[in-house]
Amino acid sequence: MAAMLQGRRILLVIAGGIAAYKCLDLLRRLRERGATTRCILTKGGAQFVTPLSVATLSRDKVYQDLFSLTDESEIGHIRLARECDLVVVAPATADLLAKMAHGLADDLASTVLLATDRPILVAPAMNFVMWESNATQENLTALRQRGVHVVGPDAGELAEGESGVGRMSEPLAIVGAIESLFASGPLKGKRALVTSGPTYEPVDPVRFIGNRSSGKQGHAIATALALLGADTTLVTGPTRLADPRGVTVTHIESADEMLAACRAALPVDIAVCAAAVADWKPRDRRNQKIKKNGSLPALELVENPDILATLSAKGSSRPSLVIGFAAETENVVSNATAKRHKKGCDWIVANDVSAAAGTFGGDANTVHLIDEGGTETWPRLPKDDVARRLAQRIADRFTRS
Ligand code: CTP
């Protein structure tokens, strides 16, 4: 196991949610990578994991009480807040995020979070209605603007049996986000957002409208940006690919979910839309499986939101560099140039997706990069090389300006 986090001191705040159980695995993974770990367990957190298991896995005592005479005389909450390189809050409950956003300090965890001058990474976990509520989203926006890093949450089945966005990211995804925070490179200090893969538009509980995008190009771009030091979020539809290391990954299915996840990732400096978003979705999602009853079902379609155009729209949260892809089967450069204007993005990467080109699902890609200065045609390259070259171009653009 590469000791990517050798010598890094991580203070893990475990708040009260069922996802707290994943922290035990997270602690193990952090230690495997060479990090030292110290934990604060909230009252709620202690309902889900025991202080003994946390202490055993973190190889330290567990801090629980703001007014503990022994703890305060031994280390004190201010030292606890500062003697680390990063504070990680996992799971970050709606309650703790609200306390952080408002500067409350009524227990050890919230006091340390207010007192720390170290970077903070939160991994939210909650019911999807709580996640989508204006209160939580406004708190998150405030925290992001103050520089708090966020990983997840993912979409999927939640503990209550419902499904939606709200599941805490898996421990390896949290480790990836931590590693990228410690990474260095020409894009260090920049935040990047990449969309990847197809979207699935639900028809009924078992059927969907989708496409054959593999996500290879988008995932490779996210990896390449993270390797150059960008704090990178990948919003991806369903693919067979593993989550790239060092990247914060949000898994979604539909275009609406992709747009919501992209919005939640703002503000960013760089946005790369490599996803093959389904252009249309069924107007109504049936709650029950559509049965065969002699007549063909009428599927009424409506247009999906255009994520690239939305991110490119003028406004205070517009990323300073927005890059789109143009999947074309004919007149590749002229169609892509028109698309760049229509969508309002800065650069467009045009690729030929006709069957003969073998781009969809394949490992190589012939692209043209179209920017304000004109068109560059790149040789046929493996998708990983296209990604590295694009990431380097992005880095050059930022080091020039
Ligand atoms: N895109 C998006 N949201 C959509 C549709 C497309 O963000 N609802 C983005 C893609 O990620 C890509 C770019 O827009 O970066 C162009 O996608 P493409 O499929 O080539 O273009 P469309 O807008 O779908 O236009 P058309 O299918 O008519 O060529």
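## Strand β5, a covered strand

Strand β5, residues 120-124, is mostly covered in this predicted model: five of its five residues are buried. Its side chains point in two directions. Ile-120, Val-122 and Pro-124 face one way from β5, while Leu-121 and Ala-123 face the other way. Both groups are buried.

β5 also has partners to look at. Strand β4, residues 86-92, pairs with β5 in the parallel sense over four bridges, and Val-87 has Ile-120 of β5 as its bridge partner. Strand β6, residues 149-150, runs parallel to β5 and is joined to it by two bridges. Here Val-122 has Val-150 of β6 as its bridge partner.

In the loop between α6 (108-115) and β5 you will find Thr-116. Is Thr-116 buried or exposed? With a relative accessibility of 12%, Thr-116 counts as buried, because the cut-off for buried is under 20%.

The side chain of Thr-116 reaches two backbone atoms. One is the oxygen of Ala-81, at 2.6 Å; another is the nitrogen of Arg-118, at 3.1 Å. Setting aside neighbours within four places in sequence, Thr-116 is in contact with Ala-81 and Val-87. Val-87 is the residue whose bridge partner in β5 is Ile-120.

## Glu-138, out on the surface

For a contrast, turn to Glu-138, which sits in helix α8, residues 134-145. Glu-138 has a relative accessible area of 55%, so this residue is exposed, the cut-off being over 50%. Lys-43 is 95 residues away from Glu-138 along the chain, and the C-alpha atoms of these two residues are separated by 25 Å.

## Two nonpolar cores

In soluble globular proteins, nonpolar side chains tend to be buried together. In this model, the largest nonpolar core has 33 residues. Leu-187, Ile-221, Leu-225, Val-272, Leu-390 and Ile-394 have the most contacts inside this core. Several elements supply at least two residues each, among them β9 (191-196), α10 (216-227), β14 (270-273) and β17 (321-328).

Not counting residues up to four places away in sequence, Leu-187 touches Leu-225, Leu-228, Gly-229, Ala-230 and Ile-270, among others. The list of residues touched by Leu-187 also includes Ala-391, Ile-394, Ala-395 and Phe-398.

## An open sheet of eight strands

Eight strands form an open sheet with mixed pairing, and their order is β13-β12-β9-β14-β17-β18-β20-β21. β13 (248-251) and β21 stand at the edges with a single partner strand each, so one side of each has no neighbour in the sheet. From one strand to the next, the twist averages 15°.

β18 and β20 run antiparallel and are joined by four bridges, with Asn-351 opposite Val-367 in β20. β20 then pairs with β21 (residues 374-377), also in the antiparallel sense and over four bridges. Ile-370 stands opposite Thr-375 in β21, and a hairpin of two residues joins β20 to β21.

α10 lies across β9, β12 (231-236), β14 and β17, and runs at about 165° to β9. Helix α11, residues 255-265, touches β9, β12 and β13 as it packs on the sheet. The direction of α11 makes about 175° with that of β9.

## Around the ligand

How many residues lie around the ligand? There are 14, and Cys-273, Ala-275, Phe-325, Lys-339 and Lys-343 come nearest.

A polar backbone atom of Cys-273 is 2.6 Å from a ligand oxygen, and a backbone N or O atom of Leu-308 lies 2.8 Å from a ligand oxygen. Asp-279 takes part through its side chain, with a polar atom 2.9 Å from an oxygen atom of the ligand.

Key:
Residues numbered from 1 in each chain as written. Predicted model: local features only at pLDDT ≥ 70, side-chain atom pairs only at ≥ 80, totals over all residues. Heavy atoms only, no water. Core = buried A, V, L, I, M, F, W, Y, C linked by side-chain atoms within 4.5 Å. Buried < 20%, exposed > 50% of the residue type's maximum accessible area, 1.4 Å probe, protein only. Contact = heavy atoms within 4.5 Å. Pairing = 2+ DSSP bridges. Axes fitted to C-alpha atoms, helices over the stretch in contact; angles between N-to-C directions. Near = heavy atom within 4 Å. Polar contact = N/O pair within 3.5 Å; in protein donor to acceptor, adjacent residues only side chain to side chain.
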